[in-house]
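This report is an introduction for a reader new to the structure. It starts with one pair of residues and then widens to the chain.

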Amino acid sequence: VGVINVARINHPEQFDEHHIELLEAFAEHIAAVIDRLEMLERLGTRARQLEADNEKLIDLHRMKDVFLSTASHELKTPLSAVIAYAEVLGDHEANLSREQVHEFAGRLRAEALRLLGLIEDILDLSRLESGKMVLRAHEVALAEVARGALETALPMARKHGVDLALDLDEALPLLRLDEVKMRQVIVNLLVNAVKFSPTGKTVTLRVRADGPHARLEVEDLGPGVPAEQATHIFELFGQGPGDSERRGSMGIGLHLVKRLTELHGGHVGVNSRVGEGSNFWIRLPLPHPTSQTVVEDLPRAA
C-alpha cells in the first residue's frame, strides 16, 4: 500500500481508480500470503518442538521401564533374604547355636541395611529431580566420614570375598559437608567397586590433599571401564542392568554420586584401563585460609 501511494504521488497520470483498486487488492493478497507463511512457520516450529518433546517422553518411558525392571529385582533380593533369615530364626531358634543365631542376625541386619540404602537412593533421586534436596552441612573431617562409609560397606565386601583398605590423610582441614549425604556418596562408590572386584582382591579407599581440593578415591582391581562407557557412566541409568546378579544395579548409584558431590561444590571422575581396574574420584574444595573468621574479645563498655 505504501508503494502504491508513492507511485500515485510520483506518477498520478498513470493511475485511475480502477488501477488503484487492483493494486490495493493485490497488496492485500500479498499481505495475506505473508501472514499465512508466518503462520506456517510458527506451526512448523511448534511441530518440531512437539516432536522433540515426544522423543523426550519416549526416552523417559524407556528409562521408566528400565528402572522398574531393575528396581524390582534389586529391592526383591534383600527383602527375600530378610524374610528367609527371619523365618529361620523364628522357626528354628531352639535348634540353633548361639553363634548361628548371631550369624543369622548379622546377615539379617546387613540385608535390611542394603534394602534401606536402596530405598534412600530412590528417595534422594526423587528429591533431586524435584529440586527439594536440602543439604544439612556442618564442619566435619572427611577422613571420619570415609571411615564410617567403609564400615557400612564392609558386610557386602565380606559377602563377596573382597578386602577393603584405608589410606587416609588425617591432617586435612575440616570441610563443610552434609555428613549423611557424603557418607552415602562414598558408600555408593565402595559398593560399585566391590560389585566389580574379583574375589580375593582389594578395594582401596583413599583420602588426600590435591592442591586447593580434598581428593577422595576408590580404587579397584576389576575389569575396568571401556572409554566409550566412561563418558556416560555417571548419567542416570548410565550403567544399565548388569549381566549377572552380582553386577546388577538400579543404575542410579553413580548418578547420585555425581549429583550429591556437585551440590557440595565438587566434581567427580573416573580413571580406568580395561583389564586393570578403575579409580573413581571426587574432588571437594578445601576452605580458603582467608575465609576463616577470627573473633576477638572486645572490652566491655563502661
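How many residues apart are Glu-144 and Arg-147 in helix α4? In this predicted model, the two are 3 residues apart, and about one helical turn separates them, both being in α4 (residues 142-159). Glu-144 and Arg-147 form a salt bridge whose closest N and O atoms are 2.5 Å apart. Glu-144 is partly exposed at a relative accessible area of 45%, and Arg-147 is partly exposed at 27%.

**The chain as a whole**

The chain has 302 residues, and buried residues make up 33% of them. Its secondary structure consists of 7 helices and 7 strands. Read from the N terminus, the order of elements is α-α-α-β-α-β-β-α-β-β-α-α-β-β. Of the contacts between residues at least 6 apart in sequence, 71% join residues at least 24 apart. The accessible surface amounts to about 18,900 Å², and carbon and sulfur atoms account for 56% of it.

**Salt bridges**

In the whole structure, 18 salt bridges are found.

| Salt bridge | N to O distance |
|---|---|
| Arg-107 and Glu-103 | 2.4 Å |
| Glu-144 and Arg-147 | 2.5 Å |
| Arg-206 and Glu-219 | 3.5 Å |

Arg-107 and Glu-103 belong to helix α3 (residues 98-130), where they lie 4 residues apart, or about one turn of the helix. Arg-107 has a relative accessibility of 36% and counts as partly exposed. Glu-103 is also partly exposed, at 37%.

The side chains of Arg-206 and Glu-219 meet in a salt bridge as well. This pair links distant parts of the chain: Arg-206 is in strand β4 (residues 202-210) and Glu-219 is in strand β5 (residues 213-220), 13 residues apart. Arg-206 counts as buried because its relative accessibility is 18%, under the 20% cut-off. Glu-219, at 31%, counts as partly exposed. Through salt bridges that share partners, Arg-206 and Glu-219 belong to one network with Asp-167, Arg-208, Asp-210, Arg-215, Glu-217 and Arg-283.

**Two packed helices**

Helix α4, which holds the pair Glu-144 and Arg-147, packs against helix α5 (residues 179-195). Two packed helices are described by the angle between their axes and the distance between the axes. For α4 and α5 the angle is about 40°, and the axes are 8 Å apart. That angle makes α4 oblique to α5. The crossing of the two helices is right-handed.

Which residues of α4 and α5 meet? On the α4 side they are Leu-142, Val-145, Ala-146, Gly-148, Ala-149, Leu-150, Thr-152, Ala-153, Met-156 and Ala-157. On the α5 side they include Glu-179, Met-182, Arg-183, Ile-186, Val-187 and Leu-190, and also Val-191, Val-194 and Lys-195.

**A residue of helix α3**

Helix α3, which holds Arg-107 and Glu-103, also contains Asp-124. Is Asp-124 buried or exposed? Asp-124 is buried, because its relative accessible area is 0%, whereas Arg-107 is partly exposed at 36%. Apart from its neighbours within four places in sequence, Asp-124 is in contact with Met-133, Lys-181, Gln-184 and Leu-256.

Conventions
Residues numbered from 1 in each chain as written. Predicted model: local features only at pLDDT ≥ 70, side-chain atom pairs only at ≥ 80, totals over all residues. Heavy atoms only, no water. Buried < 20%, exposed > 50% of the residue type's maximum accessible area, 1.4 Å probe, protein only. Contact = heavy atoms within 4.5 Å. Areas by Shrake-Rupley, 256 points an atom, 1.4 Å probe, with all protein chains shown as cover. Salt bridge = Lys/Arg side-chain N within 4 Å of Asp/Glu carboxyl O. Axes fitted to C-alpha atoms, helices over the stretch in contact; angles between N-to-C directions. Parallel < 35°, antiparallel > 145°, perpendicular 65-115°, else oblique. Left-handed = near helix turned anticlockwise from the far one by under 90°.
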